[in-house]
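The following exercises concern one protein model. Each task is followed by a solution that goes step by step.

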Amino acid sequence: MPKGKACGPDDISHKHLLYSIDVIAEPLAQLYTIMLQSGSIPDSMKTGQIITLFKGGRKRHDDPNSYRAITLSSTLLKLYEIILLNRCKDNILASIKRLQGGFQDGLGCMMTSFCLRECLYNAKELGSKVYLCFLDARQAFDRVWHDGLFCKLLTTSGTESMIPSLMLTLS
């Protein structure tokens, strides 16, 4: 886990876990196993503390756009997510096309820009049309109605019967 990060509402830091690993490893493994088998997470782990951070630079301190909100979440939940990601990463990557770039180490903005430029050059050489769509998702996460988005996603994919169970696991 990353060092030097602030504690969430549970007041457990990275150092707490690091220095108590001999004592806490077995109970945490049991807790995580129960969470995985039941498919649920305790409500106390799902709470977060929202704080604002100044973006820095020459921005004005009295301008609300000069700050970004972050949520401090449970360190125990972050550890659980890291463990799950490490165990599922190979399966996730197997279903993603290599050019898609998501979740793949070493494929950042530079590689994506290079691929885009090469596609444009190739299309120009062949005299074919290129269709592009850019999405500016800046600040989108906080403004999206997530329940409605999942409802729409499930309704359009023909899995309406899953909506109630999904809504229960999301809230």
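**Exercise 1.** Which residues make up the largest nonpolar core?

Solution. The model is predicted, so local features need pLDDT of at least 70, side-chain atom pairs count only at pLDDT 80 or more, and totals for chains, interfaces and linings use all residues. Residues are numbered from 1 along each chain as its sequence is written, and side-chain values use heavy atoms, with hydrogens and water left out.

Step 1. Apply the definition: a nonpolar core is a set of buried Ala, Val, Leu, Ile, Met, Phe, Trp, Tyr and Cys residues joined through side-chain atoms within 4.5 Å. Buried means under 20% relative accessible area, exposed over 50%, and partly exposed in between (1.4 Å probe, protein chains only).

Step 2. List the members. The largest such core has nine residues: Leu 17, Leu 28, Tyr 32, Met 35, Met 45, Leu 76, Leu 77, Leu 79 and Tyr 80.

Step 3. Assign them to elements. H2 and H3 are the elements that give two or more residues to this core, and H3 gives the most, with four residues. Helices (H or I, at least four residues) and strands (E, at least two) are DSSP runs, numbered from the N terminus.

**Exercise 2.** Describe the geometry and packing of helix H3.

Solution. Step 1. Compare the span with expectation. H3 comprises 20 residues, 75-94, and its first and last C-alpha atoms are 29 Å apart, close to the 28 Å expected at 1.5 Å a residue. The expected span is 1.5 Å times one less than the number of residues.

Step 1. Look for a bend, which is the angle between axes fitted to the seven residues ending at a position and the seven starting there. H3 has a kink of about 50°, centred on Cys 88.

Step 2. Identify the packing face. Thr 75, Leu 76, Leu 77, Leu 79 and Tyr 80 of H3 are buried. The partners of the buried H3 residues are helix H1 (14-19), helix H2 (21-38) and strand E2 (67-73).

**Exercise 3.** What caps the N-terminal end of H3?

Solution. Step 1. The cap is Ser 74, with a side-chain oxygen 3.2 Å from the backbone nitrogen of Leu 76.

Step 1. Ser 74 counts as buried because its relative accessible area is 2%.

Step 2. Find its neighbours, taking contact to mean heavy atoms within 4.5 Å. Leaving aside residues up to four places away in sequence, Ser 74 touches Pro 9, Asp 10, Met 45 and Thr 47.

**Exercise 4.** Determine which residues Gln 49 touches.

Solution. Step 1. Gln 49 belongs to strand E1 (residues 48-54) and is partly exposed, at 38% relative accessible area.

Step 1. Beyond four places away in sequence, Gln 49 touches Pro 9, Ile 70, Thr 71 and Leu 72.

Step 2. Gln 49 and Pro 9 are 40 residues apart along the chain, yet their C-alpha atoms are separated by 6.1 Å.

**Exercise 5.** How many disulfides does a search of the whole structure find?

Solution. Step 1. The criterion is a pair of cysteine sulfur atoms within 2.5 Å.

Step 1. The search finds zero disulfides. As for accessibility, Cys 7 is partly exposed at 26%, and Cys 151 is partly exposed at 30%.

**Exercise 6.** What is the phi of Asp 11?

Solution. Step 1. Most residues other than glycine have a negative phi.

Step 1. Asp 11, not a glycine, has a positive phi of about 60°. Asp 11 is in the segment before H1 and is exposed, with a relative accessible area of 57%.

Notes: Polar contact = N/O pair within 3.5 Å; in protein donor to acceptor, adjacent residues only side chain to side chain.
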